[in-house]
Amino acid sequence: MEARTDSRTGVVIASIVGLVVLATLTAGAVVAFGSSSSSPSASGLPGGAAPSSAVPGTSDPASPSPAQSPSPAATAAPSPTQTLKGTVDGGRHRGDLRYFLLAPPADAEVYGDEDGTELSRSEVADSADVKQALATHGFKAAAQRTYLTGDGEYEVSAQLVRFASESSATAYYNDFYYQGTRITLPSSGSPAKAYRLSSSSAESTGSVIVLSHQGDVHITLSVTGAKTPGKDLLARLLDKQYRRLRTGR
């Protein structure tokens, strides 16, 4: 992935390299850092999509254009006797970040490593601008896991990025948006921004991306299926991921 900056703004970041659902079905996802008074563009989007423009800030940009790439093979869901270790104290997360990933249902099929995958800063965003933005906010670690629900209805992907402090994760969340239609989720007590993205797959109507943060960790959840996931489902998934980060359970 590549991202470039407009000379009038800060950094426009194409984000979430490696998320199966995003790489397969969506494009045009950007993180914006800079003034909301200008209109930079981003290239090298997931799956090799063509560049699309975005206006940084709190308003919602236009819908993205589609992209495609193959999904990895699925494996059995992780065993309940997980050996990864992690602790949380006052919003500071220690240990293996994969420990805090949203747990798949017992009948789910996990793509790749059943424990999840650790990501480097380069793997989260492999351009100089993206790396710099992550470094500015104090990137420490990242992890992700994607699974197919047992009924085959949805692919669910969770990516966590840990920063140097809670304030850094909050700042990253505040500057983070996707191109797509903004949707509102039922209130669950956790911060949330959600976007509906378009799809190029015959098997999918599109993806929904949910953003949040807890303590020093930024959360990105994506859900893709033959039918658009309901808001209640998205809220439940976010609540489980948020609670896992808040309590370690």
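Visitor: In this predicted model, what counts as a helix?
Guide: Helices are DSSP runs of H or I. Such a run needs a length of at least four residues.

Visitor: Is Y242 buried or exposed?
Guide: Buried means under 20% relative accessible area. Y242 has a relative accessible area of 17%, so Y242 is buried.

Visitor: Which residues is Y242 in contact with, leaving aside neighbours within four places in sequence?
Guide: Contact means heavy atoms within 4.5 Å. With those neighbours left aside, the residues in contact with Y242 are S190, P191, S212, H213, Q214 and I219.

Visitor: How many residues of strand β15 are buried?
Guide: Strand β15 covers residues 217-225. On one side V217, I219, L221, V223 and G225 are buried, and on the other H218, T220, S222 and T224 are buried. In a regular strand the side chains alternate between the two faces of the sheet. Both faces of β15 are covered, and the count of buried residues is nine of nine.

Visitor: In which sense do β14 and β15 pair?
Guide: Strand β14 spans residues 206-214. I209 has S222 of β15 as its bridge partner. Over nine bridges, the sense of the pairing of β14 and β15 is antiparallel.

Visitor: Which residue in the hairpin of β14 and β15 takes a positive phi?
Guide: Two residues lie between the strands of this hairpin. The residue with a positive phi, near 60°, is G215.

Notes
Residues numbered from 1 in each chain as written. Predicted model: local features only at pLDDT ≥ 70, side-chain atom pairs only at ≥ 80, totals over all residues. Heavy atoms only, no water. Buried < 20%, exposed > 50% of the residue type's maximum accessible area, 1.4 Å probe, protein only. Pairing = 2+ DSSP bridges.
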